[in-house]
Amino acid sequence: MSTFSGSRRAVLLGTLAALALGATACGSSGSSDPLGGGSSASAGATASGGAASGGSGGSGGSGGTVVVGSANFPENVLLGSIYSQALKAKGVKVQEKFNIGSREVLYGQLQSGNLTVLPEYNGALLAYLDAKNTAVTTPDVNAALTKALPASLAILDSSPAEDKDSLSVTQETADKYSLKSITDLAAKAGEFTIGGPPEFKTRREQQFKDVYGLTFKEWKPTADTTANALKDGSIQVGNVFTTDPKIVQYKLVPLSDPKNVFGAQNVTPLVNKAGVDANATAALNAVSAKLDTAGLTALMKRVSVDKEDPSAVAKDWLKSNGLG
């Protein structure tokens with residue numbers, strides 16, 4: 001399985017380290033430090049404000065400062081804001097350093113202690129640390145991660161929320177053919193056209209035949225227009241990422257994947273262990289217990305489609321789940 005299951009995050013977080021290391025965080029003033037040279041503003045800063053400047057960074061356990069970072073795409077900024085505000089609600093002193101960049105930079109900053117907490121995706125993180133590992137289920141991926149991570153880092157509880165590849169259909173198609181899982185496609189795949197990124201056919205056609213017995217009528221390279229192609233009927237099945245806001249906007253139905261063709265990509269806090277105490281750990285695990293894919297997708301519609309501020313969206317979600 002390739003990093004981020006071949007999803008857009010392979011580009012967003014898996015960019016060349018040389019480019020990432022040469023860039024500074026949003027809001028920096030020319031420092032070579034990818035976090036912008038000093039520490040960020042306090043947790044009162046907005047989630048979309050990027051890395052701020054100020055005093056030194058550093059992690060905090062009992063009574064110290066927890067520095068929450070994020071990658072430079074909207075979903076990760078939203079998750080960072082959820083983590084940050086959940087920690088604040090439990091009395092933890094927080095600094096935010098959002099919109100930093102690629103995993104190469106983020107991971108190194110977490111190891112050094114300049115960051116304390118990151119919203120990660122367990123399958124993608126495992127692929128980054130151990131590209132040959134074949135674990136696909138959440139328990140297996142997390143067990144492998146626990147072994148692969150250095151002693152200074154740890155993953156906390158994974159949430160049910162996953163940003164991963166899916167085979168999705170319209171609600172009308174799901175209702176008409178009683179489709180709930182990829183298994184249910186077997187009787188109709190020969191009549192359906194499937195769409196996805198140009199490389200999707202090469203990567204997945206044989207897997208779908210071998211694992212689910214699926215042979216589709218036609219494969220179309222729909223790339224970023226896959227959800228739209230489902231909506232207009234030019235394809236009947238599409239490779240749509242599970243937190244794509246268009247799932248909500250167009251009322252699409254991601255089919256379950258009981259045989260795990262698409263490996264786990266659970267949203268999971270990655271932490272520098274020296275920087276989080278029991279109170280901070282409990283706050284982050286409480287977020288994971290409440291966050292699911294449907295909920296995250298709805299939040300992403302507010303951020304990406306409705307253009308609401310990520311920090312306000314995070315605040316609403318925490319309040320509605322008794323965490324803010």
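A few ground rules. Residues are numbered from 1 along each chain as its sequence is written, and side-chain values use heavy atoms, with hydrogens and water left out. Since the model is predicted, local features need pLDDT of at least 70 and side-chain atom pairs count only at pLDDT 80 or more, while totals for chains, interfaces and linings use all residues.

**Salt bridges**

Side chains of opposite charge can pair when their charged atoms come close. Here a salt bridge is a side-chain nitrogen of Lys or Arg within 4 Å of a carboxyl oxygen of Asp or Glu. That rule gives eight salt bridges.

| Pair | Closest N and O atoms |
|---|---|
| Arg103 and Glu120 | 2.8 Å |
| Glu191 and Lys188 | 3.4 Å |
| Asp306 and Lys301 | 3.3 Å |

Take Arg103 and Glu120, whose closest N and O atoms are 2.8 Å apart. The pair ties together distant parts of the chain: Arg103 belongs to helix α4 (residues 103–112) and Glu120 to strand β3 (residues 117–121), 17 residues apart. Helices (H or I, at least four residues) and strands (E, at least two) are DSSP runs, numbered from the N terminus. Both Arg103 and Glu120 are buried; buried means under 20% relative accessible area, exposed over 50%, and partly exposed in between, using a 1.4 Å probe and protein chains only.

The other two pairs in the table involve partly exposed residues. For Asp306 the value is 38%, and for Lys301 it is 22%. There's also a network of salt bridges linking Arg302, Glu308 and Asp316.

**The sheet**

Strands of a sheet pair through backbone hydrogen bonds, either parallel or antiparallel. In this model, five strands make an open sheet with mixed pairing, ordered β7-β6-β8-β5-β9. At the edges sit β7 (218–221) and β9 (252–254), each pairing on one side only. From one strand to the next the twist averages 30°. Two strands count as paired if DSSP finds at least two bridges between them; strand β6 (residues 193–196) and β7 run parallel and are joined by four bridges. Within β7, Lys220 stands opposite Gly195.

Helix α8 (residues 200–212) lies across β5 (167–170), β6, β7 and β8 (237–239), at about 155° to β7. Axes are lines fitted to C-alpha atoms, for helices over the stretch in contact (heavy atoms within 4.5 Å), and angles run from 0 to 180 degrees between N-to-C directions.
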